[in-house]
Amino acid sequence: MKRPHIASIVATLLVGLVTACTEPNPIDNYPVALRLDLTFNDKALRTVPSAATYTHYSHPISSAYQAFGFGGVLVVHGVDAKFYAFDLSCPYENRSSVRVEPDSDIIYAVCPQCGTKYLINDGSGVPVEGVGRHGLKPYKTESDGRGTVIVYN
C-alpha cells in the first residue's frame, strides 16, 4: 500500500483553507448610505455598548437615510467605542426578510430562523454558535467625533 506524501496532504489542506477563506459572503451587494445624527434622531447609539437597526420600513427615506442594504442595517457602538455596521440579513438564510436581532447585552446578534449567534460587540460579526458559517456582511463606518456617523459600502 502506497502512503501519500506529506507535501501533497499539506497542499490539499492549504487549497481547502484558501477556498474557505475566500468564499464570498452570500448576501448580495446592495447600496448602503446612512448618515446618523447621534445628537438627535440616533442618540441611542451614544452609549457603549449600544445597537440600532435601520430598515426602509422603520426609517423613512430622507437625506439622512438613503439606502438600507439587502435586509437593513445593524449599527453597533462596540465595547472599544468604535462604530460597526452589518447587514441585518442572516447570511445562512440569505433572505431579506430574515433579520438578525441584537441581544439585550449587545454582545451577539441572533437569527430568529436558524438560531445562529454572531459576535457583534467587537465588530467581527463572526458566527460563534449555530449552523451559519459566514459572518454578517460588514459595511464601512466613519465618525467625525462630533456626533455624526456615516455608514456606507
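In which loop is proline 49 found? Proline 49 is in the loop between β1 (32-37) and β2 (50-54), where helices (H or I, at least four residues) and strands (E, at least two) are DSSP runs numbered from the N terminus. A cis peptide bond joins valine 48 to proline 49, with omega about -10°.

**Model and confidence**

This is a predicted model, in which local features need pLDDT of at least 70 and side-chain atom pairs count only at pLDDT 80 or more, whereas totals for chains, interfaces and linings use all residues. Residues are numbered from 1 along each chain as its sequence is written, and side-chain values use heavy atoms, with hydrogens and water left out.

The protein chain has a mean pLDDT (the predictor's confidence in each residue, from 0 to 100) of 87, and 82% of its residues reach 70 or more. Over residues 8-20 the pLDDT is below 50, and this stretch has 1 contact in the model beyond near neighbours in sequence; contact means heavy atoms within 4.5 Å. Where pLDDT is low, the predicted coordinates should not be read in detail.

**The open sheet**

An open sheet of 7 strands runs in the order β2-β4-β5-β10-β11-β1-β3, with antiparallel pairing. Two strands pair if DSSP finds at least two bridges between them. The edge strands, β2 and β3, each pair on one side only. From one strand to the next the twist averages 25°, with axes being lines fitted to C-alpha atoms (for helices over the stretch in contact) and angles running from 0 to 180 degrees between N-to-C directions.

β1 and β3 pair in the antiparallel sense over 3 bridges, and alanine 33 has alanine 67 of β3 as its bridge partner. The antiparallel pairing of β5 with β10 (residues 138-143) extends over 2 bridges; here phenylalanine 86 stands opposite proline 138 in β10. β10 also pairs with β11 (residues 148-152), in the antiparallel sense and over 4 bridges. Lysine 140 has tyrosine 152 of β11 as its bridge partner. In the hairpin of β10 and β11, 4 residues lie between the strands, and glycine 145 takes a positive phi near 80°.

Most residues other than glycine have a negative phi. Asparagine 94, in the loop between β5 (83-87) and β6 (101-102), has a positive phi near 50°. Asparagine 94 is partly exposed, with a relative accessible area of 33%; buried means under 20% relative accessible area, exposed over 50%, and partly exposed in between (1.4 Å probe, protein chains only).

Isoleucine 106 likewise has a positive phi, near 55°, and is placed in the loop between β6 and β7 (108-110). Isoleucine 106 is buried, with a relative accessible area of 11%.

**Aromatic rings**

The count comes to 1 aromatic pair, under a rule by which rings of Phe, Tyr and Trp (its six-membered ring) pair if their centres lie within 6.5 Å, with planes under 30 degrees apart counted as stacked, over 60 as edge-to-face and the rest as tilted. The rings of tyrosine 30 and phenylalanine 70 have centres 5.2 Å apart and planes at 40°, so this pair is tilted. The pair links distant parts of the chain, 40 residues apart: tyrosine 30 is in the loop between α1 (6-22) and β1, and phenylalanine 70 is in the loop between β3 (65-68) and β4 (73-77). Tyrosine 30 is partly exposed, with a relative accessible area of 36%.

Lysine 117 lies over the face of tyrosine 108, at 4.3 Å from the ring centre; a charge sits over a ring if NZ of Lys or CZ of Arg is within 6 Å of the ring centre and within 35 degrees of the ring normal.
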